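Student: Could you walk me through this model with some questions and answers? I'd like to learn how to read it.

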Amino acid sequence: MRPRLSRAVEAQEAVKEIILRRRLVAGDPLPTESELMEELGISRNSVREALKALQAVGIVDIRHGFGMFVGRMSLAGLVDELTFHGRITGRGHLAHLVEIRELLETGLVQKLIDMGSDADLSAAADVMARMEAEAEKGEVSPEIDRLFHDVLYRPLGNPLVSQLLGAFWDVYHQLRDEVGTPDEPPLDVARRHRDIYAAVTAGDKTAAIAALQAHFEGVRNRVARLGSVG
């Protein structure tokens with residue numbers, strides 16, 4: 001026999017059902033607290049508890065003074081959880097994150113190559129040029145590194161790709177003290193990204209995969225040198 005859900009959890013499910021039933025999308029207004037209380041037949045405290053829980057996972061956007069709206073997709077909760085567990089478990093957790101991101105990008109880059117001439121890589125070319133200009137001056141900024149991976153896969157037209165890669169990047173950024181700073185010279189960092197870009201433009205999957213593996217090697221090496229974090 002399944003345990004009975006609490007009133008707050010029932011309210012969460014009911015609010016999600018309202019969003020689905022009314023076919024609401026991100027940014028659309030939601031019923032007020034009073035309207036939800038009347039429609040769902042539950043107390044104000046249960047409604048508020050439910051809304052706070054839904055806000056925490058990005059389903060509801062509460063704008064004080066303006067009302068409540070359907071939230072825009074956010075992986076902030078995932079980032080917080082991964083970061084927290086990274087600080088608890090240390091090296092092993094970070095190594096697993098690196099492995100997952102590398103596997104993800106390995107699949108994405110092959111799909112990108114399959115698009116052939118339909119993939120517009122002009123934005124990636126612009127970012128690549130900016131990265132090389134930074135490297136010539138002695139530093140590749142984390143922002144330009146992140147941007148390269150973001151724009152490279154945009155031709156795939158999958159918004160979840162940017163969200164997931166951004167979530168992984170945010171975890172790395174929040175764990176920067178544990179991971180440490182890159183030990184590769186800036187020109188080498190830029191060269192590894194250039195190798196990825198060149199392989200994609202050449203349509204060479206084998207070279208692209210090898211370039212990605214080389215790119216992640218520096219991160220794997222830094223993680224391998226870590227002891228337990230705590």
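Student: How much space lies in the second largest pocket?

Tutor: Quick background: this is a predicted model, where local features need pLDDT of at least 70, side-chain atom pairs count only at pLDDT 80 or more, and totals for chains, interfaces and linings use all residues. Residues are numbered from 1 along each chain as its sequence is written, and side-chain values use heavy atoms, with hydrogens and water left out. On a 1 Å grid over the protein atoms alone, a pocket is an open set of points where a 1.4 Å probe fits, with protein on both sides within 12 Å along at least five of seven lines. Its volume is the space filled by probe spheres set on the points, which are joined across faces, edges and corners, and for the second largest pocket that comes to about 190 Å³.

Student: Which element gives the largest share of the lining of that second largest pocket?

Tutor: Lining residues have an atom within 4 Å of a pocket point, and here they include Glu33, Arg48, Ile62 and Met68. Helices (H or I, at least four residues) and strands (E, at least two) are DSSP runs, numbered from the N terminus. α3 (44-56), β1 (60-63) and β2 (67-70) each supply at least two lining residues. The largest share, 4 residues, comes from α3.

Student: How many lining residues of the second largest pocket are charged?

Tutor: Asp, Glu, Lys and Arg count as charged; Ala, Val, Leu, Ile, Met, Phe, Trp, Tyr, Cys and Pro count as nonpolar; the others, Gly among them, are polar. Sorted that way, the lining has 3 nonpolar and 4 polar residues, and the charged ones number 4.

Student: Is arginine 23 buried or exposed?

Tutor: Arginine 23 sits in the loop between α1 (7-21) and α2 (33-40), and has a positive phi of about 55° although it is not a glycine. Buried means under 20% relative accessible area, exposed over 50%, and partly exposed in between (1.4 Å probe, protein chains only). Arginine 23 has 76% relative accessibility, so we call it exposed.

Student: Which residues does leucine 147 contact, leaving aside its neighbours within four places in sequence?

Tutor: Leucine 147 is part of helix α7 (residues 142-152), and with a relative accessible area of 24% it is partly exposed. Contact means heavy atoms within 4.5 Å. By that rule, leucine 147 touches Val127, Arg130 and Arg154.

Student: How far apart in space are asparagine 45 and arginine 7, C-alpha to C-alpha?

Tutor: Asparagine 45 lies in helix α3 and, at 61% relative accessibility, counts as exposed. Along the sequence, asparagine 45 and arginine 7 are 38 residues apart, but in space their C-alpha atoms are separated by 9.6 Å.

Student: What percentage of the chain's residues is buried?

Tutor: Zooming out, the chain has 11 helices and 2 strands. Out of its 230 residues, the buried share is 38%.
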